[in-house]
Amino acid sequence: MANQRRSTDFTEAQLSIVDELSALPFPEQEGRPGTGGGWSGPGYHVAVLRESQDFWDDRSEEIVEAAEKELEADLDALTAVLTARWGVPTTVDLWPYLGFDNPDPEIMAPEPLGFLSNVAGSMQMWQPPSSGRWLALTIGQADRELPFELLAAIGEASSLPV
């Protein structure tokens, strides 16, 4: 029961961060809005909602799996709340945003898709009505030794292909 209570508390805190970022205007240049582990730029906001331990000292399967499962539980809880609000999310494959299939290597994916494609394979995405934005959740990891991160990203609807 303690884990269920903790997960509920985390969900409420994470949802508060998501709602706050969703309401913020996009800045004209990159920076960090307010406090916490987030950053923004023209057309996007990204927030680290929760972070696991790092794996510099111990990368054993049971440690890594336990850390990932904790974040997946938070992701599932937050996904349930957002699904109740806006319906079933779309799963967006982030592989195409890495640019490997792009014949012009100078063309980069718009942020935050460029960042997300480097840390995660897919994201759950909603398009809140009348907002002109999309909101996505994913779990990412920049490198094997670094923590898993539960990420929320908000972007302009125009940054996603139709």
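Which residue takes a positive phi in the hairpin of S1 and S2? The legends below, which refer to a predicted model, begin with that hairpin.

**View 1. The hairpin of strands S1 and S2.** Gly43 takes a positive phi near 85° in this hairpin, where two residues lie between the strands. Strand S1 comprises residues 38–41 and is joined to S2 by four bridges, the two strands running antiparallel. Within this pairing, Trp39 has Val46 of S2 as its bridge partner.

**View 2. Strand S2 and its pairing with strand S6.** Strand S2 spans residues 44–51, and seven of its eight residues are buried, so the strand is largely enclosed by the rest of the structure. Seven bridges connect S2 to S6 (residues 149–156), and this pair is antiparallel. Val46 stands opposite Ala153 in S6, while Val46 is also the bridge partner of Trp39. In general, side chains in a regular strand alternate between the two faces of the sheet.

View 3. Two aromatic pairs are found in a search of the whole structure.

**View 4. The aromatic pair of Phe55 and Phe148.** The ring centres of Phe55 and Phe148 lie 5.5 Å apart with the planes at 70°, so this pair is edge-to-face; the cut-off for that class is over 60 degrees. Distant parts of the chain are linked here: Phe55 belongs to the loop between S2 and helix H2 (61–86), Phe148 to the loop between strand S5 (133–140) and S6, and the two are 93 residues apart. Phe55 is buried, at 1% relative accessibility, and Phe148 is buried as well, with a relative accessible area of 7%.

**View 5. Arginine residues over aromatic rings.** Arg59 lies over the face of Phe55, at 5.6 Å from the ring centre. The ring of Phe55 is also paired edge-to-face with that of Phe148. In a further contact of this kind, the charged end of Arg85 sits over the ring of Trp86, 5.4 Å from its centre.

Technical notes:
Residues numbered from 1 in each chain as written. Predicted model: local features only at pLDDT ≥ 70, side-chain atom pairs only at ≥ 80, totals over all residues. Heavy atoms only, no water. Buried < 20%, exposed > 50% of the residue type's maximum accessible area, 1.4 Å probe, protein only. Pairing = 2+ DSSP bridges. Phe/Tyr/Trp six-rings, centres within 6.5 Å; stacked < 30°, edge-to-face > 60°. Lys NZ or Arg CZ within 6 Å of the ring centre and 35° of its normal.
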